Amino acid sequence: MRHLLVFAERDDAEEVAETVAGEFPVIGMPAVVRETLAGEDDAEDAQWLVVVEDPSGMLPPEDVARLEALAEEYDGWRENG
């Protein structure tokens with residue numbers, strides 16, 4: 001399973017990635033990637049993703065809830081990838 005935490009600002013994504021790595025050391029450092037919205041030519045419309053890999057789907061519901069809460073703290077959200 002892959003959890004995508006989506007943010008408008010790169011700084012927010014990088015800060016959340018560091019927090020996730022600190023709180024969930026078994027996951028390691030999540031990747032921070034830029035995703036341009038389909039059909040958008042303006043770089044301002046890009047989103048920043050924190051990609052949290054959980055290949056075994058072992059994160060318990062309370063940890064997934066923590067990922068969602070972290071995303072919301074920075075005006076972002078969580079999606080399954």
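A salt bridge here is a side-chain nitrogen of Lys or Arg within 4 Å of a carboxyl oxygen of Asp or Glu. The model is predicted, so that local features need pLDDT of at least 70 and side-chain atom pairs count only at pLDDT 80 or more, while totals for chains, interfaces and linings use all residues. Residues are numbered from 1 along each chain as its sequence is written, and side-chain values use heavy atoms, with hydrogens and water left out.

**Salt bridges**
- The count comes to 5 salt bridges.
- Glu53 forms a salt bridge with Arg2, their closest N and O atoms lying 2.9 Å apart, and this pair links distant parts of the chain, with Glu53 in strand β3 and Arg2 in strand β1, 51 residues apart.
- Arg10 and Glu14 meet in a salt bridge at 2.8 Å, N to O, and both lie in helix α1, 4 residues apart, about one turn of the helix.
- Glu23, Arg66 and Glu73 are linked in a network of salt bridges, in which the closest N and O atoms of Glu73 and Arg66 are 3.2 Å apart.

**Nonpolar core**
- A nonpolar core is a set of buried (under 20% relative accessible area, 1.4 Å probe, protein chains only) Ala, Val, Leu, Ile, Met, Phe, Trp, Tyr and Cys residues joined through side-chain atoms within 4.5 Å.
- The largest such core has 17 residues, and Phe7 and Val16 are among those that touch the most other members.

**Make-up**
- Helices (H or I, at least four residues) and strands (E, at least two) are DSSP runs, numbered from the N terminus, and the elements run β-α-β-β-α-β from that end.

Conventions: Buried < 20%, exposed > 50% of the residue type's maximum accessible area, 1.4 Å probe, protein only.
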